[in-house]
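Subject: Structure for your review

Dear colleague,

Please find below the structure that I am handing over to you. My notes on what was found in it follow directly after.

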Amino acid sequence: MGSTNNDENGEIETFEREDGVEENGGEPEDLNRIIPWTRQITIRGLVASIVIGTIYSVIVMKLNLTTGLVPNLNVSAALLAFVFIRTWTKLLQKAGIVSTPFTRQENTIIQTCAVACYSIAVGGGFGSYLLGLNRKTYEQAGVDTEGNTPRSTKEPQIGWMTGFLFVSSFVGLLALVPLRKIMIIDYKLSYPSGTATAVLINGFHTPKGDKMAKKQVHGFMKFFSMSFLWSFFQWFYSGGDQCGFAQFPTFGLAAWKNSFYFDFSMTYIGAGMICSHLVNLSLLLGAVLSWGIMWPLIRGLKGEWFPATLSESSMKSLNGYKVFISIALILGDGLYNFLKILYFTGSSIHTKMNKKNPKTVSNNQNQALDDLRRNEVFIRDSIPIWVACLGYTLFSIISIIIIPLMFPQLKWYYVVVAYIIAPSLSFCNAYGAGLTDMNMAYNYGKVALFVLAAVAGKNDGVVAGLVGCGLIKSIVSISSDLMHDLKTGHLTLTSPRSMLLSQAIGTAIGCVVAPLTFFLFYKAFNVGDPDGEYKAPFAIIYRNMAILGVQGFSALPQHCLQLCYGFFAFAVAANLLRDLAPKKIGKWVPLPMAMAVPFLVGAYFAIDMCVGSLAVFVWHKLKNNEAGLMVPAVASGLICGDGLWILPSSILALAKIRPPICMNFLTTK
């Protein structure tokens, strides 16, 4: 039988059974020693993390600024980390250079660091609360709107954005460090995304997994190349407004005018392959309901519901209905899930506290050997509580001093209160995410937004609300992400110290890379144009949330309040039906949060994502086993190929080099 033993350096040695299978869930083990935490972080790993984090920052920034919908790319990042290092070692091997073995711990570290890097691009507010401060969003919200004052703007700049990210992002890393053992080992929270990533990484680093990985790498490279070349080909035909394959009137020109067309975007097709069928069908339902039915009807009421002289982009015109009905759906869905998670969190904690004679996992002698081994590694490299508390206090003081200097509208005592209550909010969110895999950080941020906007008043409320939303959201989200990563580290026998350090390194890289990536788009494309590709829909949504917090419902156009009540109620009812109805019925109930996105953005990306969903469905019907193995690799290849083309296309746009051809479609009349 297998056993474990500690050597003089504190390293755990693993002895294999005679049949060569280690007692680690029945998985073959290719290494006989777990390297110490200081050697789990490598130079090549950091290089890989920077490359992968940068690529994914570009991809998610595009998604942020076009639709605002970003799928979970953690598993994809783990796959890309494996592809990168395996390619690296093979090239060195062909050159006659011997490299150190690629371990599951190093794979985990790269994935953690890369995800921490691109998570700043996802949640740093570049498509929502920070971009909502710029003048273009201020003008879209209506310059004559009460509370929407000219002094409530701040134009994007690399300097202040980078500084804001640095002072606000690191606090969350230390908020829940003292509770890591309780949440991962004692409460045995599952953290489904973290577990799925660990299963993939563990699978790669076994003899069977090596064969699987080779197939996935081949599939990834094939579809990566196809996606990149297709994006390159499309560029030649996009030399003007509304030109190219991205504007192909698939269902006719009348449907195209209402945003119903297939735009040949490999990014959205890949995202559709990763997202569930329910998410994609909910997007399509939202698109049909809004752009197929509601907006044409409301547009026909011009002159009755809103002045005919107003532009459709005005918040007192059609655009107001789009924005505020989207807000109603988002708030209804968010509030329901927020209360639901709080209920499950509270009841779960209450149950555990009332158990008679509770035994921690580490003291259970009947526990499987592999679990004991994971717990030993997880506990061995402990992070002192005083380090976490001192670090949290130090970073908080820095934020309390610097953020009010950047944004005088957000008083220093607001920031103090935020950092006092943030750890408890982080715990609630991280515990709920461990049970359900739902990160509710944005909902905590929205609560802060409304409260601060109302308290600060009409002169300072918009800025105070938006920035305060970012502070709370950042702490709550990052601390939850760290718990997901610690769960992955627990299952892959990776040291918590190396995980925390790699998360900190990735966060620091992201604080530099994310603003640069944002400005790549901001300078090269017309970001924030409601009729363009880069609509940045959540920027106007967040600003109008802040305006609602300041002045209440007087910001709404005529009859919009009644529609908002209806859609808010629909969001709550849909969630209740999904949770209370029989599973056969509940699984078909649409997701209001997903439905809300096309209300403002359009139908085209929902069609793309449904094409991806259809491809996965057919693939599973024809070759189920192959689909289960290859879908993540193919989807990652499509997303990364199209995403990588954004870099040269942005550089060409900055250099004023335009495509040579404009492919456009006109009626024959």
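C243 has a relative accessibility of 7% and therefore counts as buried, where buried means under 20% relative accessible area, exposed means over 50%, and partly exposed lies in between (1.4 Å probe, protein chains only). Please note that this is a predicted model, in which local features need pLDDT of at least 70, side-chain atom pairs count only at pLDDT 80 or more, and totals for chains, interfaces and linings use all residues. Residues are numbered from 1 along each chain as its sequence is written, and side-chain values use heavy atoms, with hydrogens and water left out.

C243 is joined to C662 in a disulfide, with the two sulfur atoms 1.8 Å apart; the criterion is a pair of cysteine sulfur atoms within 2.5 Å. A disulfide is a covalent bond between the sulfur atoms of two cysteines. The structure holds one such link. The angle about the S-S bond between C243 and C662 is -60°, and the link is left-handed. C243 lies in the loop between α9 (207–235) and α10 (253–257), while C662 is in the segment after α24 (624–654), so the pair ties together parts that are 419 residues apart in sequence. Helices here (H or I, at least four residues) are DSSP runs, as are strands (E, at least two), and they are numbered from the N terminus. C662 is partly exposed, at 39% relative accessible area.

Two further cysteines deserve mention. C389 is in no disulfide, and the nearest cysteine sulfur, that of C428, is 18 Å away. C389 is partly exposed, with a relative accessible area of 41%. C469 is likewise in no disulfide; its nearest cysteine sulfur belongs to C511, 17 Å away. C469 is buried, its relative accessible area being 0%.

Turning to the aromatic residues, a search of the whole structure finds 44 aromatic pairs. Rings of Phe, Tyr and Trp (its six-membered ring) pair if their centres lie within 6.5 Å; planes under 30 degrees apart count as stacked, over 60 as edge-to-face and the rest as tilted. The ring centres of W305 and Y321 are 5.9 Å apart and the planes stand at 35°, so this pair is tilted. It links distant parts of the chain: W305 is in the loop between α12 (277–299) and α13 (318–353), and Y321, 16 residues away, is in helix α13. W305 is partly exposed at 23% relative accessible area, whereas Y321 is buried at 0%.

Y413 and Y414 form an edge-to-face pair, with 5.0 Å from centre to centre and 75° between the planes. Y413 is partly exposed, with a relative accessible area of 40%, and Y414 is buried, with 17%. One aromatic cluster is formed by W230, F233, Y237, F245, F248, F262, F264 and F665.

K154 lies over the face of W160, 5.4 Å from the ring centre, and also over the face of F407, at 5.6 Å. For this, NZ of Lys or CZ of Arg must be within 6 Å of the ring centre and within 35 degrees of the ring normal.

Finally, G641 is placed in helix α24 and is buried, with a relative accessible area of 0%. Not counting residues up to four places away in sequence, G641 touches F224, S227 and F228, contact meaning heavy atoms within 4.5 Å. The C-alpha atoms of G641 and R373 are separated by 40 Å, and these residues are 268 apart along the chain.

Yours sincerely,
A colleague
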